[in-house]
Amino acid sequence: MKYRVKAAARELFYSRNDPKDRRLGELIPRAGIDETEKDTVVIIGVPEDRGITANKGRAGAAAAPDDIRRRLYRLTPGFSADFLRQRIIDAGNVVTAGLSLEEVHQAESEAVAAIVSRGGLPIVLGGGHDLTYPGVAGLVQGAQIGRDGLGLINVDAHLDVRSDEYGVNSGTSFYRALTQLPRQALCGGAFVEFGIQEQYNSPYYYNWVIGQGGHVITLREISERVMEFFLQALSLAGRGGRTTAVSLDIDAVRSTEAPGASASNPSGLKAPELDKIAYLAGRSVKVRYLDIMEVSPPLDEDHRTAALAASAIFSFIRGLCER
């Protein structure tokens with residue numbers, strides 16, 4: 001199938017109409033994927049949450065891409081002139097209406113492949129965490145990942161390696177990545193689970209990840225040394241010449257700061273730690289894909305979780321400008 005993308009609504013792009021206080025909504029244009037040039041950051045949304053409900057979770061994340069935009073486009077470019085020099089476009093949302101979940105996945109994969117094949121770096125706004133697999137599959141296809149392979153980091157409270165034998169859901173992305181991507185593209189040793197909370201995960205799935213050669217870095221382990229351990233995660237995933245993908249599930253952050261997560265938890269990372277993780281990912285020359293998943297606006301309080309996601313995107317781009 002050929003993917004279709006609809007431009008984000010113009011009213012999402014905030015402006016103060018003040019040349020002394022320009023906002024990202026005035027600086028980031030709406031543009032088609034075919035306008036992607038080398039090293040362009042391309043923001044694209046996938047408003048889809050059927051994978052969450054299939055995993056017995058709470059609906060609402062389909063509204064996240066535009067709510068994240070509302071928060072993101074109110075931000076300023078900060079104090080770095082490099083941010084203003086970085087080409088960033090908003091390609092809009094993958095059209096999901098009338099499509100099955102499998103067709104949405106295919107459309108997303110095609111869209112990401114088109115961005116990457118043109119030399120762009122996609123930032124995918126979900127949606128349920130099942131959307132990471134088609135995003136990464138599109139990266140592999142578009143970048144023609146070969147001998148050096150792919151590294152993959154999941155920043156999450158959950159392992160998300162449930163089997164898809166009974167269908168795709170928000171808990172299957174990384175099982176699918178490890179079992180369905182070409183082996184030369186992704187091996188177990190290039191996969192890192194980061195910030196995992198033991199009490200919310202089955203030992204069966206933990207042992208499965210370890211059995212694949214993957215690495216599990218728990219929230220308990222990282223304690224006050226989050227940045228040190230995330231640099232280790234980048235090193236493990238990006239060993240050699242591996243292109244690296246980073247997925248941020250907002251439920252990795254504690255519920256006091258991310259109340260609008262599809263599956264919120266009282267323990268987790270602090271909001272500034274997520275910003276630092278995103279910044280470090282942005283600084284890594286090997287990272288060519290970022291997604292942020294499981295923000296659920298109907299469950300949010302005063303848009304705090306969407307604002308957290310927007311801040312993480314800002315931090316990622318700031319890091320990218322320092323490459």
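1. Let's start with helix α10 (residues 226-237) and α11, which pack at an angle of about 35° with their axes 10 Å apart. Here an axis is a line fitted to C-alpha atoms, over the stretch in contact for helices, and angles run from 0 to 180 degrees between N-to-C directions. Helices (H or I, at least four residues) and strands (E, at least two) are DSSP runs numbered from the N terminus.

2. A word on the model: it is predicted, so local features need pLDDT of at least 70 and side-chain atom pairs count only at pLDDT 80 or more, while totals for chains, interfaces and linings use all residues. Residues are numbered from 1 along each chain as its sequence is written, and side-chain values use heavy atoms, with hydrogens and water left out.

3. Who touches whom between α10 and α11? From α10 come Val 226, Met 227, Phe 230, Leu 231 and Leu 234, and they meet Glu 273, Lys 276, Ile 277, Leu 280 and Ala 281 of α11 (contact means heavy atoms within 4.5 Å). That contact has eight nonpolar, no polar and two charged residues. For these classes, Ala, Val, Leu, Ile, Met, Phe, Trp, Tyr, Cys and Pro count as nonpolar, Asp, Glu, Lys and Arg as charged, and the others, Gly among them, as polar.

4. α11 (residues 271-283) has another helix to look at: its axis and that of α12 (residues 304-320) come within 6 Å and cross at roughly 30°. This crossing is right-handed. Among the residues making the contact are Leu 274, Ala 278 and Tyr 279 of α11, plus Leu 308, Ala 312 and Phe 316 of α12. By class, the contact of α11 with α12 divides into nine nonpolar, four polar and three charged residues.

5. Now find α5 (residues 101-117) and α6 (residues 132-143), which pack at about 40° with their axes 7 Å apart. α5 passes α6 in a right-handed crossing. The meeting residues include His 105, Glu 108 and Val 112 in α5, and Pro 134, Gly 138 and Leu 139 in α6. Seven nonpolar, seven polar and one charged residue make up the contact of α5 with α6.

6. Strands β5 (residues 150-155) and β6 (residues 191-196) run parallel and are joined by four bridges. The bridge partner of Asn 154 in β6 is Glu 193.

7. Most residues other than glycine have a negative phi, and most peptide bonds are trans. The peptide bond from Gly 126 to Gly 127 is cis, with omega near 5°, and Gly 127 lies in the loop between β4 and α6. Lys 56 has a positive phi, near 65°, and sits in the loop between α2 (50-54) and α3 (64-72).

8. Finally, the largest pocket holds about 330 Å³ of space. On a 1 Å grid over the protein atoms alone, a pocket is an open set of points where a 1.4 Å probe fits, with protein on both sides within 12 Å along at least five of seven lines; lining residues have an atom within 4 Å of a point. Grid points are joined across faces, edges and corners, and a volume is the space filled by probe spheres set on the points. Of its 22 lining residues, Asn 55, His 158, Asp 160, Arg 162 and Gly 171 lie nearest the centre of the largest pocket.

Conventions. Left-handed = near helix turned anticlockwise from the far one by under 90°. Pairing = 2+ DSSP bridges.
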